[in-house]
Amino acid sequence: MKTTGASYSQTAIHFGLSEIGTIANWKADFLKDGAEAFFKSKGRPQNPMTKLKASKQPKTLTREQQLEEELKLLRIENEYLKKCHAHGITPWNQTIKSKIIEELTYEFNWSNIFKVIKFPKSTYYYWVK
């Protein structure tokens, strides 16, 4: 534009831009901050809490805590298999699985149930509908 003397509309056509205002904004930014204007980050600033969550180290459990966690998961699996047997179904039946999961939620944590049964939450919510 500066060297050729082209107008905003001619420059927009040359570079295949549909908005003339884009060229005007770019020129204003360049005149204000130079080439650095095009390397500034845009958008919403990152939440500092996100970094804290990502950098959180997984907690190391003692042997006793590991065994307690394993026992908790085994109890969930045992209850699940008991309920499957009581309903007279195989543990792989998807429709009944969601009903059994709902029964187990009164005794156990959701995340542990889904971990033990290897049943996706989205599938559970699909079958509950």
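Author: T105 is placed in the loop that runs between α5 (94-104) and α6 (110-117); helices here are DSSP runs of H or I with at least four residues, strands are runs of E with at least two, and both are numbered from the N terminus. The model is a predicted one, in which local features need pLDDT of at least 70 and side-chain atom pairs count only at pLDDT 80 or more, while totals for chains, interfaces and linings use all residues. Residues are numbered from 1 along each chain as its sequence is written, and side-chain values use heavy atoms, with hydrogens and water left out.

A polar atom of the T105 side chain lies 2.5 Å from the backbone oxygen of E102. Such a polar contact is a pair of N or O atoms within 3.5 Å; within protein, one must be able to donate a hydrogen and the other to accept it, and residues adjacent in sequence count only if both atoms are side-chain atoms. When neighbours within four places in sequence are left aside, T105 is in contact with W110 and I113, contact meaning heavy atoms within 4.5 Å.

W110 leads on to the aromatic rings. One aromatic pair is counted, under the rule that rings of Phe, Tyr and Trp (its six-membered ring) pair if their centres lie within 6.5 Å, with planes under 30 degrees apart counted as stacked, over 60 as edge-to-face and the rest as tilted. The pair consists of W110 and F114 and is stacked, at 5.7 Å centre to centre and with 25 degrees between the planes. Because W110 and F114 are four residues apart in helix α6, about one helical turn separates them. W110 is partly exposed, at a relative accessible area of 34%, whereas F114 is buried at 8%; buried means under 20% relative accessible area, exposed over 50%, and partly exposed in between (1.4 Å probe, protein chains only).

E103 forms one with K83, and their closest N and O atoms are 3.5 Å apart. This pair links distant parts of the chain, since E103 belongs to helix α5 and K83 to helix α4, 20 residues apart. E103 is partly exposed, with a relative accessible area of 30%, while K83 counts as buried at 18%.

The whole structure holds three salt bridges. In another of them, K82 pairs with E79, the closest N and O atoms being 3.7 Å apart. K82 and E79 are three residues apart in helix α4, so about one helical turn lies between them. K82 is partly exposed at 46% relative accessibility. E69 and K72 form a salt bridge as well, with closest N and O atoms 3.4 Å apart. Helix α4 (residues 63-87) holds E69 and K72 three residues apart, which means a separation of about one helical turn. Both are partly exposed, E69 at 24% relative accessibility and K72 at 37%.

Of its 129 residues, 19% count as buried. Among contacts between residues at least 6 apart in sequence, 34% join residues at least 24 apart.

Definitions and conventions
A salt bridge is a side-chain nitrogen of Lys or Arg within 4 Å of a carboxyl oxygen of Asp or Glu.
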